[in-house]
Amino acid sequence: MISRCWRTVRAGFRIAALLFCTGTFAWAQPAGTLTLADGKTALIRGATVYAVSEGIKVREGDMLHTDAKGQAQIEFQGGTILNLGPGTRALLLRLPHGRGEAEVAVLSGWVKFAHKKSATGASLRLHAPTAQLATEDATAVLHAEAGVAQIFVESGAAKLTELGKKAAAGSTRAVKGGEFI
């Protein structure tokens, strides 16, 4: 009787361990692919720095850095394209796993993105040191450097929120295709 009970407990632990490992693997699934890496591109994942090339899968929490002559392009599930220009540092905060909002922190450099409206209502939010840009359907360029953010919306519309001291949200305004701020 005791041996049957012990076998049942061990089987329960094995099932729980299997479910835990499966859930952790699903959470860490990649949400995008690096489709272009021109020049030197570094991927910082955790405490490790990798020199990367096309085809690598990116995840939430990854940081990408292009050298002064480099360029990198990431294509996310759902069709969003993010192109990092020369000398850009970006942190992938939240990535869409088929739906939901994508968030990218642009620490410095040039970023061009194309985000198309989807049936799931997914949006894209870019954080720069002095501004935040949110869109559900736009193609735009963001340039961020010490104390300055420049935005050009090529097509579509976006909302720009200027950040004040200590990153407090300031004024928000709509930006439409053809406008430069």
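Is Arg125 buried, partly exposed or exposed, and what is its relative accessible area?

Modeller: Keep in mind that this is a predicted model. Arg125 is partly exposed, because its relative accessible area is 25%, and the cut-off for buried is under 20%. Now for its partner. The side chain of Arg125 meets that of Glu101 in a salt bridge, at 3.5 Å from N to O. Glu101 sits in the loop between strand 8 and strand 9, while Arg125 belongs to strand 10, so this pair ties together parts of the chain 24 residues apart in sequence.

Glu101 also has a salt bridge with Arg94, at 3.3 Å from N to O. Arg94 is partly exposed too, with 39% relative accessibility.

There's another pair to look at: Lys112 makes a salt bridge with Glu154, and their closest N and O atoms are 3.1 Å apart. That one links distant parts of the chain, since Lys112 is in strand 9 and Glu154 in strand 12, 42 residues apart. Both ends are partly exposed, Lys112 at 37% relative accessibility and Glu154 with a relative accessible area of 42%. Back with Arg125, salt bridges with shared partners put Arg94, Glu101, Glu103 and Arg125 into one network. Searching the whole structure turns up 5 salt bridges.

Thr139 is in strand 11, and it counts as buried because its relative accessible area is 9%.

The largest one has 35 residues, and Leu82, Leu92, Phe113 and Leu126 have the most contacts inside it. Several strands supply at least two residues each, among them strand 9 (102-115), strand 10 (124-127) and strand 12 (148-163). Strand 11, the one that holds Thr139, gives the largest share of this core, 6 residues. Look at Leu82 in particular: setting aside residues up to four places away, the ones it touches include Leu92, Phe113 and Leu126, and also Lys112. So Lys112, one end of the salt bridge with Glu154, also touches Leu82, by the 4.5 Å contact cut-off.

Buried residues account for 34% of its 181 residues.

How values were computed:
Residues numbered from 1 in each chain as written. Predicted model: local features only at pLDDT ≥ 70, side-chain atom pairs only at ≥ 80, totals over all residues. Heavy atoms only, no water. Core = buried A, V, L, I, M, F, W, Y, C linked by side-chain atoms within 4.5 Å. Buried < 20%, exposed > 50% of the residue type's maximum accessible area, 1.4 Å probe, protein only. Helix = DSSP H or I, 4+ residues; strand = E, 2+ residues; numbered from the N terminus. Salt bridge = Lys/Arg side-chain N within 4 Å of Asp/Glu carboxyl O.
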